[in-house]
Amino acid sequence: MKNRLLILTLALAFLPLAAAGQPATDDLVSSCVLAAGENTTYLKDFRVQLPKSAPNAAAPVYKANMYLMKNMKYRFSVCDAPGSGGELYVTLYDQGKEIISSYNSSSGKKYSSVDFICNKTGLYTIWYNFIGGEQGSGVGVVCMIR
Amino acid sequence: MTGTITKIAAVILLLSFCSCRNSNVRQGRPAFPVADSVPAGEAEKLSEEAVADIVQNIASPVEIASILQSMQVPFSAGYLAPTQGADRLTTNFQKAMMLGIYGADLGYLNIYGKTGNSVDVLSVIKRLADGLRVGQYFDFETIKRLSVSKSNLDSLLFLSVNSYNQIDRYLRDNDRGSISALMITGVWIEGQYLATQVALNFNDEILRDRIGEQKIILGDLLMLLRPYRGSSEEYGALYGMMEQISAKYSEVKVSYRLGEPETKEEDGRLVVVQHEESIVEMTDTQLAEIAGLSKEVRNKLISGN
């Protein structure tokens, strides 16, 4: 009987831990879409998790490619996961040329979202980094502005 | 006593398994074998980076519909794919293709707020997603409730598009890229059908540009399908049809005018206006031919022949 109680106690103790280990990124995506504001339509999300950058090495980056269309307005939003070490920012590139970034490293100013009024249809590259190459997790959301 | 302990241990093992499986689903890793993945030896393997380069948002189920709505083009149920024959779809090829086609139709219905009409489409999507073992990513009950109540269009749009994104992510993460490619192609062909059919009746420069610009995207879509074209007769036929559409675009010209982006701050938000521009040159004849072939291919795909 003692063994039975012990096993049941262990089971009840460990099962919530297993459940807590599951990511809650979907909730984060929903809240980030909500934070993108009214008159936007969600298109895509990117779940970003990066380690701290190693000394004398380039900061880790999450890269994604996305077709953006002429005559469309896009909003790129970023949201940090609770407990994330770093602050997430997004940079948009067109064929290697930086178009826009939500973080200005010179002034230290960071925006939670940036708007892009697209006039050239093509494949763009989106980079997600954490400021200062910190470890962190978060989501990037791309919406269409109606 | 030993028997009781064994039973309890078995229950714990079972619960642990369920927990891990759920965790895998949320993280996009399969806990079951997949019969429809194309073995590496049968497909010309694209590098993961190359595939990632081309698959993100090749076709969105809502962008074309959004343009049509901004043009004040009236909604027409006549553009929707019929849902009656969906029960007869047997192969994963057909299910994945139609999942994409109905996804674009759902986007069209939702953007126009015709949510009461979308229950049939939703039911078919749910069946197809279940058939492909990705139904867990389609929150049918919530989407249906929002559709029927017409209470929150933004939430409905988010949940619908997010379900498709999750299905696509899961398929790609789990070596079922061939199924993902079909779903993406389905979304693309239905969007193309919708855009071209409307363009034949409404002369709108933005819509014409959008159709012409598909020349760029179509090249990447073909690259996405290419590794699987030899995997089955159906896949080979699809690839051939997409090549035919691509050939119709050969004389469409897309050029670029250079310009520097302009950055400004509006209401505390950073805004960039791009001044580099893509310019499409497409004649009425080219448009008519592209529209005709796109319709033919789309109708062939929805008829399952």
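Which residue in β10(A) stands opposite Cys79(A)? Val139(A) in β10(A) stands opposite Cys79(A). This is a predicted model, in which local features need pLDDT of at least 70, side-chain atom pairs count only at pLDDT 80 or more, and totals for chains, interfaces and linings use all residues. Residues are numbered from 1 along each chain as its sequence is written, and chains are lettered from A and ligands numbered from 1 in the order in which they are written.

**Confidence**
- The model has an ipTM of 0.79 and a pTM of 0.80.
- For chain B, pLDDT (the predictor's confidence in each residue, from 0 to 100) averages 81, and 80% of the residues score at least 70.
- Over residues 4–46 of chain B, pLDDT stays under 50.
- Where pLDDT is low, the predicted coordinates should not be read in detail.

**Strand β3 of chain A**
- Strands are DSSP runs (E, at least two residues), numbered from the N terminus, and two of them pair if DSSP finds at least two bridges between them.
- Seven of the nine residues of β3(A), residues 72–80, are buried (20 or more other C-beta atoms within 10 Å of the residue's own, with C-beta atoms placed from the backbone).
- Six bridges link β3(A) to β8(A), residues 113–118, in the antiparallel sense; Tyr74(A) has Phe116(A) as its bridge partner there.
- With β10(A), residues 136–145, β3(A) pairs antiparallel over seven bridges.

**Four-stranded sheet of chain A**
- An open sheet with antiparallel pairing has the strand order β2-β9-β4-β5.
- Its edge strands, β2 (62–68) and β5 (97–101), each pair on one side only.
- β2(A) and β9(A), residues 122–130, run antiparallel and are joined by seven bridges; Leu68(A) is opposite Gly122(A).

Note on methods:
Two residues are in contact if their C-beta atoms, placed from the backbone, lie within 7 Å. A residue is buried if 20 or more other C-beta atoms lie within 10 Å of its own, exposed if 12 or fewer, and partly exposed in between; C-beta atoms are placed from the backbone.
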